[in-house]
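Trainee: Could you take me through one part of this model in close detail? I would like to see how that part sits in the whole chain.

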Amino acid sequence: MTYQETLDWMFAQLPMYQRQGKTAFKKDLINIIALSNELGNPEKKFRTIHVGGTNGKGSTSHMIASVLQEAGYKVGLYTSPHLKNFTERIRINGEEISKENVVDFISENKQFLEKQGVSFFEMTVGMAFDYFAKEEVDIAIIEVGLGGRLDSTNIILPEVSVITNIGLDHTQFLGETLPEIAYEKAGIIKKNVPVVIGERQNEVEKTFIDKATECQSEILFASDNYEEYKTDLLGDYQPKNTKTAIEAVKQLKGFEISEEDIKLGLLNVVKNTNLKGRWQVLQEKPKIICDTAHNKEGLTYALNQLKKEKTDKLHIVLGVVSDKNLDEILPMFPKSATYYFCKPNIPRGLSENILKEKASTFGIKGESFDSVNQAFDEAKIKANSNDVIYIGGSTFVVAEIL
């Protein structure tokens, strides 16, 4: 198979959450355990840090990887979803896995993957673990896909577990309340493995402390640290992720990481890891900003930061997925902006007309467009050089622009 044929086959396998939503959620780890056994348990051949949470786990994972790279280590990084290319999900020292490696892994294991009924996400996790083992990384940063307890990445025994924060997202899988969601996320806490919690949140603190106590694991809250470090990631929300990343790195045993490595790692995240889509400024005059924030907690930071932009007029290219709670997020958006409603090009994308109609009930006005790029093109035509164009609402909207 060619690379494109391989990807097409992978995407066509059992439901994939990013495309289909709830029907894709797995209720156990049977498939990933079977695949790991078939591959010779590659995840046991290198050291790991496991990163979960509602918001900021991608940025935090990239920060940790960048610091370890600055310290001279060979660092694997597994994240999801990808923005532009599938290969973004699996990297070593910022270099994406090659297309040849993707094709070879699938062709070598296709018979087993089909027989076992392995899903897209499960085979991607298996591919990452197999690749990191063969390339003999010193350590790999593994980002949780969804939840924690039942996530396919949760077969690793990490050096450190990290949970950034808890928000109401993916409630159809993880629970309707913050403690219920925290319980699922806390599933990555392992016996005698230190756990770093990014933020102290009254509603869920006890859930994490109880789980850590049960696992005899040291628990640290990164938000208790008042040290400030600079990072090249521009979002107002990044200082919280910075503290979480530093605390995680400090828990590592057997790694030599200097204060200079930490400082340089945080200042060179984009260069070292090729992170995209986090308050990314695409151009000036008009200023074009894209950000992958897509739930209440993430959008609170992004929209507050947007208020600080000096602009004659604000243009917002907005698209969301169909399971998004619009009653919760739409009131957060400024009514004074001009909107360009669009549908991300995935089966889960919400119709641009439904979004426009729902937005109008909150006094948010604009036009709808058949595609993300049409909406973006129109915004660029309408915007003057002193205006700001913001692109967001969904990771998939940002992906299409990038």
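Mentor: Start with the whole chain. This is a predicted model. Of the 402 residues of the chain, 59% count as buried. The chain holds 17 helices and 14 strands. Its C-alpha trace spans about 55 × 50 × 40 Å along the principal axes.

Look next at which residues meet. The surface comes next. The chain exposes about 16800 Å², and carbon and sulfur atoms supply 48% of that area. Then there are the charges. The chain has 48 positive and 57 negative ones. Their mean positions are 3 Å apart.

Now for the close look. The part is helix α10, residues 238-250. Helix α10 has 13 residues. From first C-alpha to last, α10 reaches 18 Å. That is close to the 18 Å expected at 1.5 Å a residue.

How enclosed is α10? Ten of its 13 residues are buried, so the helix is largely enclosed by the rest of the structure. Find the buried ones on your screen. Gln-238 is one of them. Then comes a run from Asn-241, Thr-242 and Lys-243 to Thr-244, Ala-245 and Ile-246. Glu-247, Ala-248 and Val-249 are buried too. Note that Lys-243 and Glu-247 are in this buried group. Here is a general point about helices. An α-helix has 3.6 residues a turn, so residues three or four places apart point the same way.

What lies against α10? Its buried residues pack against two helices, α4 (57-70) and α11 (259-267). They also pack against the strands β6, β7 (195-197) and β8 (219-221).

Strand β6 covers residues 160-163, and a loop runs between β5 (139-143) and β6. Ser-152 lies in that loop. Is Ser-152 buried or exposed? Its relative accessible area is 9%, so Ser-152 is buried. Leave aside the neighbours within four places in sequence. Ser-152 is then in contact with Leu-29, Ile-32, Phe-121, Glu-122 and Val-125.

Follow β7 next. Gln-201 is found in the loop between β7 and α9. At a relative accessible area of 14%, Gln-201 is buried. Residues up to four places away in sequence are not counted here. Gln-201 touches Asn-165 and Ile-166. Gln-201 and Ile-166 are 35 residues apart in sequence, yet 8.0 Å apart in space, C-alpha to C-alpha.

Then take β8. The loop between α9 (205-214) and β8 holds Gln-216. Gln-216 is not a glycine, yet it has a positive phi of about 55°. Is Gln-216 buried or exposed? Its relative accessible area is 52%, and the cut-off for exposed is over 50%, so Gln-216 is exposed.

Compare a second residue with a positive phi. Asn-274 has a phi of about 65° and is not a glycine either. Asn-274 lies in the loop between α12 (269-273) and β9. Its relative accessible area is 33%, so Asn-274 is partly exposed.

Stay with β9 for a moment. The loop between β9 (280-283) and β10 (287-290) contains Pro-286. The peptide bond from Lys-285 to Pro-286 is cis, with omega near -15°. Another cis peptide bond joins Ser-80 and Pro-81, where omega is about -5°. Pro-81 is found in the loop between β2 (75-78) and β3 (90-92).

Finish with the end of the chain. Ser-394 lies in the loop between β14 (388-392) and α17 (395-401). At 3% relative accessibility, Ser-394 counts as buried. What does Ser-394 touch, not counting residues up to four places away in sequence? Its partners are Ala-293, His-294, Gly-319, Val-320, Val-321 and Pro-344.

Now go back to α10. Keep its ten buried residues in view. Then trace the helices and strands that they pack against.

Technical notes: Residues are numbered from 1 along each chain as its sequence is written. This is a predicted model: local features need pLDDT of at least 70, side-chain atom pairs count only at pLDDT 80 or more; totals for chains, interfaces and linings use all residues. Side-chain values use heavy atoms; hydrogens and water are left out. Helices (H or I, at least four residues) and strands (E, at least two) are DSSP runs, numbered from the N terminus. Buried means under 20% relative accessible area, exposed over 50%, partly exposed in between (1.4 Å probe, protein chains only). Contact means heavy atoms within 4.5 Å. Accessible areas come from the Shrake-Rupley method with a 1.4 Å probe; for residues, only the protein chains shown count as cover. Lys and Arg count as positive and Asp and Glu as negative; His and the chain ends are not counted. The place of a charge is taken as NZ of Lys, CZ of Arg, CG of Asp or CD of Glu. The expected span of a helix is 1.5 Å times one less than its number of residues.
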